[in-house]
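I am opening a notebook page on a structure that is new to me, and I mean to write down what I look up as I go. The sequence and the model come before my entries.

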Amino acid sequence: MRYFNLTIQFIMVSISAFLCYQFIFHSISNQNNKNDYAELNHIKYGLFNVGEWKNQINVILIDEINKLNLTQTDEQELKNKIEVLLNKLINEVYEKIKKGNSGSVKGWIRQTLISTFVNLEDIKKGIPQYSNIIIHEMTKTKTRTQIKALLNEQLEKYFRQTFAEQDTSQLDSIMLKTGANDIQSAKIQLNKEIAHKQNQAFTESMLLIILSVILFALSGLSKKPLAPSSYILLVISLIMLLTAGVTTAMIDMEAKISEISFVLLGHPIQFKDQVLYFQSKSILDVFWIMITHSDLKMKFVGLLMVTFSVVFPVLKIISTMGYYYNFHNAKENPVVRFFIL
């Protein structure tokens, strides 16, 4: 019966070791996925990205150009401006001809003929008619299409000339890793992976805890003294739980803008989930951040944290081993008794 119980305990510890490895692997993998997901949502690829602004504004301007149509009020205003321009143009042309004809006999004869047979005011009387013809040509469907095409072409040209240098190596690495063609597809894929691995890690952690509780219950409920082999298996179980606890993510720290939106030319411009800062850290990661900080208070807090989270549990396990085997009369050692009792 003793060997049977030991075999059961050994099998449980072996399963626990496998679950511990899987839990740590999936947790760290999910930690990396969360960091990648936060990188995809970083504000430098959204609100602070010239390319993203270009994409949103380009759609709005193209839509506005395609909806471009002259109303009767617009036509009248345009006609008035055209008449002013034509009047100015006729005056300038006449003055240029007059200036060109001065200084020679031939020019004087030519200018005399022009002044005799061409009445400048008669030409100007036709300006309203000229304006109507121009407006008519501009409002033709074919002409409007050509104007819109020209505006769109110029718009594309200006947007191609507008760019900002940006390091996208990290973004490219994530896209390659996920096999996605765009950021949105990469986000969807990472979301699925995060949810899947989170469920896996939760299941593995629960099974690991349950097996550890059963293992301790079997040893605690036994009326016989704890055998060395069983004791070692319990210690191994504790070490696995401690290792899983200090190496996997303890806290996710995030600062983000949930949404910023406004209306431009009747079109909404939106930026959602703009991440400013994100870190997913284990106890050891947080300890390292604090201990390398320049502030002495942060260093002190880091030392306290690692002392009570890592050092004390390890010393307690070592003390129980010394106490159990009474190594160098450890049962009477006050330090050992402090950590155990």
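In which sense do strand 1 and strand 2 pair, and over how many bridges? I note before answering that I am working with a predicted model. I looked up strand 1, residues 249-264, beside strand 2, residues 267-282, and found that they pair in the antiparallel sense over 14 bridges.

Entry on the hairpin. The hairpin has two residues between its strands, and one of them, L265, takes a positive phi near 55 degrees. Further along the pair, I found E259 opposite K272 in strand 2.

Entry on backbone angles. I kept in mind that most residues other than glycine have a negative phi. I then looked at D273, which lies in strand 2 and has a positive phi of about 50 degrees although it is not a glycine. With a relative accessible area of 32%, D273 counts as partly exposed. I also wrote down N329, another residue that is not a glycine, with a positive phi of about 55 degrees. N329 sits in the loop between helix 12 and helix 13 (334-340), and its relative accessible area of 45% makes it partly exposed.

Entry on the nonpolar cores. I looked up the largest nonpolar core and found 14 residues in it, with V13, C20, F23, I24, L215 and A244 having the most contacts inside it. The elements that give two or more residues to this core are helix 1 (2-40), helix 9 (183-221) and helix 10 (228-247), and helix 1 gives the most, with six residues. I then found a second, separate core of nine residues, which includes L242, F287, M290 and V306.

Entry on two packed helices. How do helix 11 and helix 12 lie relative to each other? I looked up helix 11 (residues 283-291) and helix 12 (residues 296-325), whose axes come within 7 Å and cross at roughly 155 degrees. An angle over 145 degrees counts as roughly antiparallel, and helix 11 and helix 12 are therefore roughly antiparallel to each other. I recorded their crossing as left-handed. The residues making the contact include I283, L284, F287 and M290 of helix 11 and M298, G302, V306 and V310 of helix 12.

Methods
Residues are numbered from 1 along each chain as its sequence is written. This is a predicted model: local features need pLDDT of at least 70, side-chain atom pairs count only at pLDDT 80 or more; totals for chains, interfaces and linings use all residues. Side-chain values use heavy atoms; hydrogens and water are left out. Two strands pair if DSSP finds at least two bridges between them. Helices (H or I, at least four residues) and strands (E, at least two) are DSSP runs, numbered from the N terminus. A nonpolar core is a set of buried Ala, Val, Leu, Ile, Met, Phe, Trp, Tyr and Cys residues joined through side-chain atoms within 4.5 Å. Buried means under 20% relative accessible area, exposed over 50%, partly exposed in between (1.4 Å probe, protein chains only). Axes are lines fitted to C-alpha atoms, for helices over the stretch in contact, and angles run from 0 to 180 degrees between N-to-C directions. Angles under 35 degrees count as roughly parallel, over 145 as roughly antiparallel, 65 to 115 as roughly perpendicular and the rest as oblique. A crossing is left-handed if the near helix is turned anticlockwise from the far one by less than a right angle, and right-handed if clockwise. Contact means heavy atoms within 4.5 Å.
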